[in-house]
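Here is a short report on a protein model. Look at the structure first, then read on.

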Amino acid sequence: MSTVLNHAPHDNRTDAPTSIREFLAFKLGNEEYGVDILRVQEIRSFEQPTRMVNAPEHILGVVNLRGVIVPIVDMRIQFGLHNVKYDGFTVVIVLNIGSKVVGMVVDAVSDVITLEPNQLRPAPEISGTIDSSAVLALGTVNDRMLILLDIEQVLNASSVQ
């Protein structure tokens with residue numbers, strides 16, 4: 001399965017979460033996260049990557065994606081989630097991060113969500129597996145809350161250079 005999302009190229013600005021933006025919503029464990037849709041190249045079904053020697057545990061390896069070697073990061077392992085399993089819902093979100101292409105493994109992708117400024121709340125300062133500066137904001141849609149990630153910062157912290 002491969003779903004290609006057509007969109008305008010990312011303009012490399014670091015927009016503050018103050019304008020209407022679209023996010024791809026995905027699940028990690030019991031939590032729902034969002035990443036800027038303009039960073040998403042495609043969504044693919046999970047396939048076992050080729051393991052790289054001396055790679056950290058959360059970097060599962062690499063895959064050849066139409067001639068491009070793409071590192072695959074399991075976000076569940078990076079975020080310290082337990083009982084990581086690979087099933088029919090497990091997908092890889094392929095992202096464009098600057099000039100690099102990186103794949104991130106997530107439990108499932110739900111939908112694309114449009115958020116307006118009044119639906120965004122600042123994230124509290126909490127120390128944990130990811131730096132709180134990597135969280136753009138908390139987005140609310142009806143009874144759902146999404147943790148909106150600055151995916152470039154998250155992936156830089158994961159040793160993907």
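Buried means under 20% relative accessible area, exposed over 50%, and partly exposed in between (1.4 Å probe, protein chains only).

This is a predicted model: local features need pLDDT of at least 70, side-chain atom pairs count only at pLDDT 80 or more, and totals for chains, interfaces and linings use all residues. Residues are numbered from 1 along each chain as its sequence is written, and side-chain values use heavy atoms, leaving out hydrogens and water.

## Aromatic pairs

The structure holds three aromatic pairs. Rings of Phe, Tyr and Trp (its six-membered ring) pair if their centres lie within 6.5 Å; planes under 30 degrees apart count as stacked, over 60 as edge-to-face and the rest as tilted. Ring pairs join Phe26, Tyr33 and Phe79 in a cluster.

The rings of phenylalanine 46 and tyrosine 86 have centres 4.6 Å apart and planes at 20°, so this pair is stacked. Phenylalanine 46 has 19% relative accessibility and so counts as buried. Tyrosine 86, at 36%, counts as partly exposed.

## A charge over a ring

Arginine 76 lies over the face of tyrosine 86, 4.7 Å from the ring centre. The cut-offs: NZ of Lys or CZ of Arg within 6 Å of the ring centre and within 35 degrees of the ring normal.

## Strand pairing

Strands E2 (residues 21-28) and E3 (residues 31-36) pair in the antiparallel sense over six bridges. Strands (E, at least two residues) are DSSP runs, numbered from the N terminus; two of them pair if DSSP finds at least two bridges between them. Leucine 24 has valine 35 in E3 as its bridge partner.

Methods:
Helix = DSSP H or I, 4+ residues; strand = E, 2+ residues; numbered from the N terminus.
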